Amino acid sequence: MSLPKATELPIGAVVTEPGSTRRYSTAGWRTLKPVIHDDRCVRCQLCWLYCPEGTIAEVRGVFKVGGKTYDVKYEIIYDHCKGCGICANECPTKAIEMVPEAP
Amino acid sequence: MQIQKTRKIEALTSNYAVAYAVKAADVDVIAVYPITPQTTIVEKLSEFVANGELNAELIHVESEHSALSAVVGASAAGARVFTATSSQGLELAHEVLHIASGMRLPIVMAVPTRAVSAPISIHNDYGDVMNARDVGWVIYIAASAQEVYDTVIQAYRLAERALLPVIVAYDGFLMSHTVEPVELNDEEEVRKFLPRTPRPYTLNPRRPVTMGPLASPDWYYEFKYQQVLALQEAYKIAKDVDAEYSRAFGRGYGVVEAYRMEDADYAIVTYGGAAYGNAKAAADLARERGIAAGVVRIRLYRPFPTADVLKAISGVKALAVLDRAIMFGGPAEGPLYRDVATAMYMSGLDKPAVNVIHGIGQRTMYVEDLYKIYTMLREGPRKEVVFMGVRI
Ligand code: SF4
Ligand code: SF4
């Protein structure tokens, strides 16, 4: 991702476009990112519950994993995940792995 | 001196000189909170507003933190604003100093300087404004009531062009409450000198913007670097503004003032009214007694006028930097000394330079004391900081 230079930004950090917060990534400071291994996930919902950023999405659908079918799966919204690792710590099946961000 | 007929000369304190300049600048919003020795500025401005001589919104606030916050808001909305403070008030407003400069608001604030507590002193030194020297504001330090008047007007022009807040500082009591003749400009001419130019961004419901938002690690550093560039640019703008002012009104000061420096062997580098006045008298005395002495006064303190200072001292054999503030625990306690030393080191200029601190809490500085600085310089280099005038 290439961000604008100091001289290209509005003076004084003014946000000139209303509603642009939706596009504002608050994940730039993450050094490790959680990756969910769906085959190990038992759909206990603990990561979704514990994530302090509310950045784990509960996706509805029909998901065949291994021999099982689930009606839900969990996905990380990487634009807002801060990489705290709480989800990985709470996951009872160790389905979430923290992997280094590409520099 | 030839005085033009359109000009008026009034007997004014430096505080009243500020008030007259603010009136001439036709400000829109003034936040007022009394603190010694600043109070008479806002008293006079209240009078101007009450009499209908100045059409401004005067906001009574409950602290200096609120005063600066109020003008931050008004300035964000596009108003031309003014406030003033001193000492503990400036300390209380310190948090908002960063906000004003980070938001790049052209606020002008007068600071008749005063020693900071504890113990309580209402008297003068520069401990207060020196605590605010590194927060992204432009800082002028004036040395006469006339210069205070002229500088406040220049400050609006600089602030609005550089999009930076500006402090105009000067000696509390020694200048804020002593009367000098001040030549006042025609107010119409001042208003022509300070046209209202639209700012890139202001609070406006028809063109909504967010000011002072969150900047995560991806963004914050760039905005701080913008401020570095803005202060660098302000150095040039300050010189231009002074030259333009001088053309328009016949009085200019430059960013650094040099007194008898053409052939000086020994220099005192300092700031403010009392130190500069006494240093000039001491230089005269030293010259009578056969020492080629001179004085360099820093008028624009932030951005630091490095090139002009180096040029002014380039010919001397030794110099003393006279500070009227103590910044505790550094390699030398004088703030200006550290600036001058850094400037010399970074440019490779190697001169014996001693840091002299005097006039703390308005300890009387006698001309004879400052004359002694010249004889001390002539005797040879001294490394330790000299706390002159203190009982040790
Ligand atoms: S690492 Fe932290 S912020 Fe990111 S998904 Fe896990 S719990 Fe949420
Ligand atoms: S905590 Fe682990 S097992 Fe539970 S839903 Fe999240 S990823 Fe799946």
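Predicted model: local features only at pLDDT ≥ 70, side-chain atom pairs only at ≥ 80, totals over all residues.
**Ligand surroundings**

Of the 14 residues around ligand 1, five come nearest: Cys51(A), Cys81(A), Cys84(A), Gly85(A) and Cys87(A). The shell of ligand 1 divides into 9 nonpolar, 3 polar and 2 charged residues.

Ligand 2 also sits among residues of chain A. Its surroundings include the cysteines Cys41(A), Cys44(A), Cys47(A) and Cys91(A). Val42(A), Arg43(A), Gln45(A), Tyr74(A), Pro92(A), Thr93(A) and Ile96(A) complete the shell. By class, the residues around ligand 2 are 8 nonpolar, 2 polar and 1 charged.

**Salt bridges**

Side chains of opposite charge can pair when their charged atoms come close. Over all chains, the count comes to 32 salt bridges.

| Arg196(B) | Asp26(B) | 3.5 Å |

Take the bridge between Arg196(B) and Asp26(B). The pair links distant parts of the chain, 170 residues apart. Arg196(B) lies in the loop between helix 8 (187–193) and helix 9 (220–249) of chain B. Asp26(B) lies in the loop between helix 1 (14–24) and strand 2 (29–32) of chain B. Arg196(B) has a relative accessible area of 43%, so it is partly exposed. Asp26(B) is partly exposed too, because its value is 23%.

Arg297(B) belongs to strand 11 (residues 293–298) of chain B and Glu147(B) to helix 7 (residues 145–162) of chain B, so their pairing ties together parts that are 150 residues apart in sequence. Both Arg297(B) and Glu147(B) are buried.

Glu147(B), Asp242(B), Glu257(B), Arg297(B) and Arg299(B) are linked in a network of salt bridges.

**Two buried residues of chain B**

Ser176(B) is in the loop between strand 7 (166–171) and strand 8 (179–184) of chain B. Its relative accessibility is 0%, so Ser176(B) counts as buried. What does the side chain of Ser176(B) join in a polar contact? It joins the side chain of His177(B), at 2.7 Å. Leaving out residues up to four places away in sequence, Ser176(B) touches Thr13(B), Ser14(B), Asn15(B), Pro37(B), Pro112(B), Tyr170(B) and Asp171(B).

Val166(B) lies in strand 7 of chain B. Val166(B) counts as buried because its relative accessibility is 0%. With residues up to four places away in sequence left out, Val166(B) touches Ile107(B), Val108(B), Met109(B), Trp137(B), Val138(B), Tyr140(B), Ala155(B), Leu158(B) and Ala159(B). Val166(B) and Phe82(B) are 84 residues apart in sequence. In space, their C-alpha atoms are 10 Å apart.

Key:
Residues numbered from 1 in each chain as written. Chains lettered and ligands numbered in written order. Heavy atoms only, no water. Near = heavy atom within 4 Å. Nonpolar A, V, L, I, M, F, W, Y, C, P; charged D, E, K, R; others polar. Helix = DSSP H or I, 4+ residues; strand = E, 2+ residues; numbered from the N terminus. Buried < 20%, exposed > 50% of the residue type's maximum accessible area, 1.4 Å probe, protein only. Polar contact = N/O pair within 3.5 Å; in protein donor to acceptor, adjacent residues only side chain to side chain. Contact = heavy atoms within 4.5 Å. Salt bridge = Lys/Arg side-chain N within 4 Å of Asp/Glu carboxyl O.
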